[in-house]
Amino acid sequence: MRVIIESDYDAMSRRAAEIVVEVVREKPECVLGLATGSTPIGLYKELIRMYREEGLDFSKVRTFNLDEYYGLPPAHPQSYHYFMRQYLFDHINIPPHNINVPRGLVKDVQAYCARYEQMIKEAGGIDIQVLGIGRDGHIGFNEPGSSLASRTRLVALDEQTVKDNARFFGREGDVPRFAITMGVGTIMEARKCLLLASGSKKAKAIAQAVEGSITSQIAASALQMHPDAIVIVDEEAASEMKRRDFYLYTEKMMAERLSR
Ligand code: PGA
């Protein structure tokens, strides 16, 4: 696991964009795994800027989003379909048929989830998966207790997550109680994983995910077993990691070596 500590949210976002763009430039037909939430918005802004100003091309890129609220239609302003259009897809040249976000209104959920997995496989697998982290250590909607081998499925949302997400809905009562999410096992199959976290509210979850035991109680801790996982945090989110200085030192040494 590589841990990169940046000064603040904007620096974290720019660094994340550099890593995603490297994948897109190297493989124009790459498959991006994308996440919603407030954390990746800065990364998406930077990708939009690079599309507009530097001609970054998304015309062959395919995407799979991690999750979607169950029961919300794609046009619902709080759906993750809507979020992705608002913060990324409407502003870049990705063809709509290359975009995949789990559908929140399917009847046969089990069959649909199996199909979502199949579509990822048929696309050749995910080249880089962007991830945020919940205060309970979740990635996607894999709440504490999710099997580290779990696949795309319907899940009930943890009370804390419902509370955390109430800010986006008018009332807590309007937050859906279920979601479709890629499993931890699905995420672990991405060739590269990029976990982002910003702010002191995420400090404990980050410390547990990076330095704690690997446990289904902190889904993000599974990334310790991933061969190519990068964690980018800002200073506040890094504040509870015991080996913070070591991560800074390692990054500095590696950068120096590269520039020699
Ligand atoms: P946030 O959500 O980016 O809005 O903090 C992250 C998550 O819960 O996965």
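Which residues surround the ligand? They are Gly 37, Ser 38, Thr 39, Gly 132, Ile 133, Gly 134, His 138, Arg 167 and Lys 202, each with a heavy atom within 4 Å of it. This is a predicted model, where local features need pLDDT of at least 70, side-chain atom pairs count only at pLDDT 80 or more, and totals for chains, interfaces and linings use all residues. Residues are numbered from 1 along each chain as its sequence is written, and side-chain values use heavy atoms, with hydrogens and water left out.

**Around the ligand**
- Ser 38 has a side-chain N or O atom 2.8 Å from a ligand oxygen, a polar contact (a pair of N or O atoms within 3.5 Å).
- For Thr 39, a polar side-chain atom is 2.4 Å from an oxygen of the ligand.
- Lys 202 puts a side-chain N or O atom 2.5 Å from a ligand oxygen.
- Of the 280 Å² of accessible area that the ligand has on its own, the protein covers 81% (Shrake-Rupley method, 1.4 Å probe).

**Aromatic pairs**
- The whole structure holds eight aromatic pairs (ring centres within 6.5 Å).
- Tyr 69 is in strand S4 (residues 67-69) and Phe 141 is in the loop between strands S6 (128-131) and S7 (153-156), so the pair ties together parts 72 residues apart in sequence; strands are DSSP runs (E, at least two residues).

Technical notes
A polar contact is a pair of N or O atoms within 3.5 Å; within protein, one must be able to donate a hydrogen and the other to accept it, and residues adjacent in sequence count only if both atoms are side-chain atoms. Rings of Phe, Tyr and Trp (its six-membered ring) pair if their centres lie within 6.5 Å; planes under 30 degrees apart count as stacked, over 60 as edge-to-face and the rest as tilted. Helices (H or I, at least four residues) and strands (E, at least two) are DSSP runs, numbered from the N terminus.
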